[in-house]
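Let's take a walk through a protein together, beginning with the whole and ending with single residues. Have a look at the picture before you read on.

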Amino acid sequence: MPAELLNRNEAQTRYELIDPALDACGWNRGSDIRIETTAGQIDIIDGKPHRRTAGRTDYILRRPLVEGGEPVALAILEAKRERRQPEHGLQQGKEYRVGELNHVPFVFSSNGHQFVEYNEATGQTSEAKPIAAFPRPEELVACYLAQRQLPTAAPALQMLTTGYAQGREHLRYYQDAAIRAALEKIIREQQAKKAPRVLLSLATGAGKTRIAAALLRRMLDAGAFGKALFVCDRTELRDNGLGDFQAAFGTNAAEVDTKHPQKNARVLIATYQTLDHKFERGKNPKNKIENFFKRNYPLGFFDVIVIDECHRSAWGDWFDFLNANKDGIHIGLTATPRQIKLPETDDTQTKQEIENDRRKLADNLEYFGEPVYEYPYLQGVADGYLAPAKIEQWDLFHDRKAQPERVRGVLRADLKGKKLTNALTGQTVTPDAVAERNEGAALEQKLILPERVEAMCKHLFAELLKSGEGDPHQKTIVYCASDHHADLVTNELNGLYAAWCKSNGQRRLPSYSFKCMASNDGQSLIADLRDSQKRNFIATTMDLLTTGVNVPCVRNIVFFRYIRSPILFHQIVGRGTRVDALTDKLMFRILDYTGATALFGADFITPPPGGGGGGEGPRPPGPPPVKVKGVEINLAHAGDFFLMNRNGQTVRATPQEYRQRLVEELLASVPTLAGFRERWLAPEQRHELLAQLAAQNLLPENLRTAAQMDAYDLFDVMAAVAYGVKPRTRAERAAQLGRDGHGPDWLVKLPQPSVKVIRAIARQFEKAGTDALETDQLWSAGEVRAAKGLSALKQGGDPAKLLRQTKETLFAA
């Protein structure tokens with residue numbers, strides 16, 4: 001076929017060439033092909049969230065493993081315009097990780113005439129083959145079963161062939177993928193006569209409880225268990241999760257408390273604390289103490305146990321629940337990445353926290369094995385299901401010292417001339433009562449610094465007013481160093497709020513800031529934080545609001561506390577990641593006063609476990625804290641940071657690092673300015689290039705904002721930073737089309753009606769950049785419509801060719 005006739009775009013290639021070829025190979029277009037489209041990604045541009053109009057679209061080939069069974073996803077097909085080489089779509093598919101994300105072993109790419117196959121397991125790519133030779137459904141099913149090491153006999157596959165009781169539409173693509181990955185491993189291990197152990201790792205807000213409910217219901221319908229137990233570590237999570245379980249099981253799902261064992265339901269939902277509740281047998285103090293679990297559930301009672309936040313709660317005493325049902329299926333759910341950075345430190349308490357993290361992660365992988373499916377936070381952002389974060393960091397300086405608090409700490413020598421008192425008795429103490437060097441973790445625990453609390457709260461309140469455009473009523477969680485620190489912060493913020501209300505003539509709303517700790521039954525206040533828009537705006541806590549709490553409306557996560565545990569850090573950040581349609585929340589801010597966000601990143605892989613869990617027990621009480629007065633505290637902006645994807649991990653980047661990474665990725669895709677210009681002129685190639693960058697969470701719009709280049713098109717912003725050319729404003733580029741009889745030769749030779757339309761189009765570019773040239777609204781824009789639009793342009797020839805010439809002139813060197 002002549003090259004000039006190969007002009008079908010992606011959609012036409014799929015509809016006119018690929019779909020008929022698949023029909024001929026035995027694929028049913030109605031049931032075997034599923035088109036999955038994600039939500040539009042949310043970008044933070046100039047500090048504001050912007051949702052893209054469309055997300056990623058995946059073309060999924062699926063087939064039941066037995067006649068009448070649930071269709072199982074087998075492969076992804078990337079369709080490219082027919083002018084492309086058939087291999088072209090594979091690179092994009094690999095960058096988007098579509099095979100891994102959809103948990104399919106094969107990715108195909110086709111231009112409608114030929115196709116190539118990429119095997120996710122082997123990493124091998126086939127030679128191009130005619131589209132007529134595309135695998136038939138039964139061939140691909142056989143390849144799938146072999147690649148996944150699954151049996152071919154139908155009875156052994158029943159968990160995979162049984163459908164979803166609530167329908168596949170009830171789940172997002174990655175939730176279905178996680179369930180299939182879990183079922184595959186369960187089948188493999190059962191075939192090998194092993195007790196299955198499965199680990200799923202999904203970011204907070206990705207719907208792990210919904211996954212657990214749908215997975216268990218599918219297993220129940222397949223006859224895979226009699227009784228199942230879902231264990232979590234917060235009453236709030238148990239109560240929230242009950243809705244998902246009852247939607248899937250009805251009355252066959254029941255929550256457990258110490259008064260109601262609920263033995264008859266098929267699925268029980270309980271907290272670790274309930275199961276470990278202690279009883280005495282009789283009134284004799286010598287009688288043996290037993291817990292709730294052992295009293296009510298004999299050995300082997302549960303066929304399946306699902307452990308939520310398993311990295312945090314499956315070890316130590318709670319391991320008994322698993323051991324009592326050791327022959328059953330154990331499924332662990334976690335939001336903590338496999339690889340996390342564990343920092344170096346000399347502080348004894350910090351070392352203990354790090355060692356605890358090390359042990360928990362190692363124990364987790366030793367028990368469950370590697371995760372069978374992972375859905376990280378940045379992927380949720382790219383898919384539009386999770387909220388992106390804007391990171392802002394400030395440093396605290398004591399008494400105008402050269403180094404910030406997070407680097408220097410507080411030395412005993414710094415306290416000379418300060419007023420030091422026992423924080424409990426008020427009696428004066430000497431500097432000898434203070435350690436020689438106090439790292440950040442000691443502040444507001446061992447050293448109470450009232451001026452520090454005041455300065456930080458004043459700064460935070462001002463930031464809330466700034467981001468809220470004068471309104472401080474934003475749902476916020478402030479993580480404090482201790483219970484007492486939470487009291488101090490609560491009181492200070494409420495005082496600032498009262499003063500603001502008075503000076504602005506506003507009615508003071510109740511419980512603006514409130515302590516949310518176990519000491520004041522903070523669990524009962526979470527509902528008001530989540531649901532009320534008239535009270536309970538700022539929660540101060542230490543760790544009550546780290547896991548098991550679903551508060552989608554939270555817009556600000558604030559670190560007043562030094563964090564050294566990467567596990568704890570990721571859990572805290574997870575409190576802000578949910579999108580909330582009810583309050584129109586599309587992003588959240590991390591306000592970092594302690595350098596905690598440096599824990600974004602991953603260069604440590606957990607070592608083999610060094611023994612069982614259990615910890616060392618409570619530490620003996622230390623000396624009373626010392627209150628220090630007379631310290632001058634100043635805050636300095638330490639920078640705003642971006643989150644980006646590096647080698648599959650979420651890392652924090654400075655604007656300079658972000659820019660460098662974007663330039664590297666751009667040059668790797670398009671090494672020359674001429675090549676970049678050519679790709680920019682072709683809408684499909686331009687969108688593909690920008691999508692490749694966005695997949696790494698790299699947005700050129702952020703460079704434009706940082707460089708204050710609002711007058712420039714993204715073409716010039718990117719060309720300037722990557723290729724070193726002098727940028728031109730949109731107005732300067734639009735002027736290249738001339739005026740009053742002047743302009744490029746090709747333009748002035750056209751009929752005047754066509755010239756007027758083209759110059760009107762150039763003015764649209766001047767206003768809104770490249771996107772204005774490619775929108776459906778171009779022809780309805782006032783100036784273009786007044787110049788008679790498309791009908792006038794046709795007087796000069798083929799409109800598509802004239803638009804191409806217009807763009808070539810606009811983007812000429």
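The paragraphs below go from the overall fold to a pair of helices and then to a few residues.

This is a predicted model, in which local features need pLDDT of at least 70 and side-chain atom pairs count only at pLDDT 80 or more, while totals for chains, interfaces and linings use all residues. Residues are numbered from 1 along each chain as its sequence is written, and side-chain values use heavy atoms, leaving out hydrogens and water.

Start with the whole chain. The protein has 31 helices and 30 strands; these are DSSP runs numbered from the N terminus, with helices being H or I of at least four residues and strands being E of at least two. Along the principal axes, its C-alpha atoms fill a box of roughly 100 × 75 × 45 Å.

How much of the protein is buried? Buried residues make up 53% of the 813, where buried means under 20% relative accessible area, exposed over 50%, and partly exposed in between, with a 1.4 Å probe and protein chains only. Helix 19 (residues 566-573) is mostly covered, with eight of its eight residues buried; among them are P566, F569 and V573.

Now find two helices that meet. Two packed helices are described by the angle between their axes and the distance between the axes. Helix 21 (residues 673-681) and helix 22 (residues 683-695) have axes that come within 5 Å and cross at roughly 110°. Therefore helix 21 is roughly perpendicular to helix 22, a label for angles of 65 to 115 degrees. Residues in this contact (heavy atoms within 4.5 Å) include F676 and W680 of helix 21 and L689 and L690 of helix 22.

Finally, visit two single residues. K185 is found in helix 6 (residues 173-191). Is K185 buried or exposed? At 11% relative accessibility, K185 counts as buried. Leaving aside neighbours within four places in sequence, K185 is in contact with R197, V198, F368, G369 and V372. F319, in helix 12 (residues 319-323), is partly exposed, with a relative accessible area of 27%. The C-alpha atoms of F319 and N556 are separated by 35 Å, and these residues lie 237 residues apart along the chain.

Key:
Axes are lines fitted to C-alpha atoms, for helices over the stretch in contact, and angles run from 0 to 180 degrees between N-to-C directions. Angles under 35 degrees count as roughly parallel, over 145 as roughly antiparallel, 65 to 115 as roughly perpendicular and the rest as oblique.
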